[in-house]
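This report describes the pockets of one protein model and the residues that line them.

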Amino acid sequence: MTSYDAIRMRIARSQETPEQKETRLSKQREYARARRETETPEQREDRLAKQRASNRRQRCNETPEQREARLAKQRVYNQRARDNETPEKRQARLEYQRSANWKYRHG
């Protein structure tokens with residue numbers, strides 16, 4: 001893809017409606033799901049390693065505002081997960097937090 005194509009694609013994405021965006025993202029998710037179903041364990045490990053490296057690079061280069069936005073989004077996600085957890089899962093989470101391993105990792 002040339003830089004001209006990338007610019008055209010960015011402009012097209014900025015002008016799409018929410019329905020068009022959802023359709024595009026839905027197709028991307030479906031394609032990614034199909035790819036994941038057929039990948040080998042080596043391919044999966046390679047994909048996850050690349051994803052971890054990319055996430056690490058993004059976190060290293062983010063501004064304080066971007067960092068706060070990411071952490072705020074993460075807090076909301078974690079709170080929703082805690083709100084929807086079963087009593088058994090809650091008990092397991094609290095036991096883990098009381099364990100020596102959690103104290104070692106989180107201070």
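## Second largest pocket

Helix H5 gives the most to the lining of the second largest pocket, with four residues. The model is predicted: local features need pLDDT of at least 70, side-chain atom pairs count only at pLDDT 80 or more, and totals for chains, interfaces and linings use all residues. Residues are numbered from 1 along each chain as its sequence is written, and side-chain values use heavy atoms, with hydrogens and water left out.

The lining consists of Asn78, Ala81, Arg82, Glu85, Lys89, Ala92, Arg93 and Gln97. Helix H4 (64-83) and helix H5 (87-98) are the elements that give two or more residues to this lining; helices are DSSP runs (H or I, at least four residues) numbered from the N terminus. By class, the lining divides into two nonpolar, two polar and four charged residues, where Ala, Val, Leu, Ile, Met, Phe, Trp, Tyr, Cys and Pro count as nonpolar, Asp, Glu, Lys and Arg as charged, and the others, Gly among them, as polar.

The volume of this pocket is about 160 Å³. A pocket is an open set of points on a 1 Å grid over the protein atoms alone where a 1.4 Å probe fits, with protein on both sides within 12 Å along at least five of seven lines; lining residues have an atom within 4 Å of a point. A volume is the space filled by probe spheres set on the points, which are joined across faces, edges and corners.

## Largest pocket

The largest pocket holds about 210 Å³ of space. Two or more lining residues come from each of helix H2 (18-38) and helix H3 (41-61), and H2 supplies the largest share, six residues.

Gln28, Tyr31, Ala32, Arg35, Arg36, Thr38, Glu39, Gln43 and Arg47 form the lining. Two of these residues are nonpolar, three polar and four charged.
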